[in-house]
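Biologist: Please put the model on the screen. I would like to go through it by question and answer.

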Amino acid sequence: MATDYDEVRPDVAEARKASLEAVKTANAPDARSVSRDLDEEDTSDGVELAGADLSNEELSVTVIPQKEDEFLCGSCFLIRHRTLLAREAKGVAYCRDCEG
């Protein structure tokens, strides 16, 4: 007798149907209830949108100098620890991740 291995087994089909029914009956919020739950702080003017003009903003960053046991990878331009050094050629160091 030939067996159709592509056919869904009955126990798997019942489990899928039970899972779908559980999701349908779950007490999930709809779009209207989610928008009602937003606070004023979530929609305040403090939120910057993509493409916004940030030319008047000033950025303050603490710069930590490179340590003796670190190097700058010439491929990914990340500061890496010396243990990740794969090779050094013509004064440029490369990390293990970039050398693969």
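Biologist: Which side chain is joined to that of Arg80 by a polar contact of 3.1 Å?

Modeller: This is a predicted model, in which local features need pLDDT of at least 70 and side-chain atom pairs count only at pLDDT 80 or more, while totals for chains, interfaces and linings use all residues. Residues are numbered from 1 along each chain as its sequence is written, and side-chain values use heavy atoms, with hydrogens and water left out. A polar contact is a pair of N or O atoms within 3.5 Å; within protein, one must be able to donate a hydrogen and the other to accept it, and residues adjacent in sequence count only if both atoms are side-chain atoms. At 3.1 Å, the side chain joined to that of Arg80 belongs to Asp97.

Biologist: How many salt bridges are there by this kind of count?

Modeller: A salt bridge is a side-chain nitrogen of Lys or Arg within 4 Å of a carboxyl oxygen of Asp or Glu. Arg80 and Asp97 form one, with 3.1 Å between the closest N and O atoms. Glu99 and Arg87 form one as well, at 3.0 Å from N to O. The count comes to 2.

Biologist: How many residues apart in sequence are the parts that Arg80 and Asp97 tie together?

Modeller: Arg80 and Asp97 form a salt bridge. Arg80 belongs to strand 2 and Asp97 to helix 3 (residues 96-99); helices (H or I, at least four residues) and strands (E, at least two) are DSSP runs, numbered from the N terminus. The pair therefore ties together parts whose separation in sequence is 17 residues.

Biologist: What is the relative accessibility of Cys73?

Modeller: Cys73 lies in the loop between strand 1 and strand 2. Not counting residues up to four places away in sequence, Cys73 touches Leu78, Ala93, Tyr94, Cys95 and Cys98, where contact means heavy atoms within 4.5 Å. Cys73 counts as buried because its relative accessibility is 0%.

Biologist: Near what angle is the phi of Phe77?

Modeller: Most residues other than glycine have a negative phi. Phe77 is in the loop between strand 1 and strand 2 and is exposed at 58% relative accessible area. Lys90, in the loop between strand 3 and strand 4 (92-95), has a positive phi of about 55°. For Phe77 the phi is also positive, near 60°.

Biologist: What is the area of the nonpolar surface patch made by Leu59, Val61 and Val63?

Modeller: Patches are made of residues with over 30% relative accessible area and no salt bridge: like charges are joined within 9 Å, nonpolar side chains (Val, Leu, Ile, Met, Phe, Trp, Tyr) within 5 Å. Leu59 is in the loop between helix 2 (31-37) and strand 1 (70-72), and counts as exposed at 75% relative accessibility. Accessible areas come from the Shrake-Rupley method with a 1.4 Å probe; for residues, only the protein chains shown count as cover. The patch of Leu59, Val61 and Val63 comes to about 380 Å².

Biologist: What percentage of the residues of the protein count as buried?

Modeller: The protein has 3 helices and 4 strands, in the pattern α-α-β-β-β-β-α along the sequence. Its accessible surface is about 9,500 Å², with 51% of that belonging to carbon and sulfur atoms. Of the 100 residues, the share that counts as buried is 7%.

Notes: Buried < 20%, exposed > 50% of the residue type's maximum accessible area, 1.4 Å probe, protein only.
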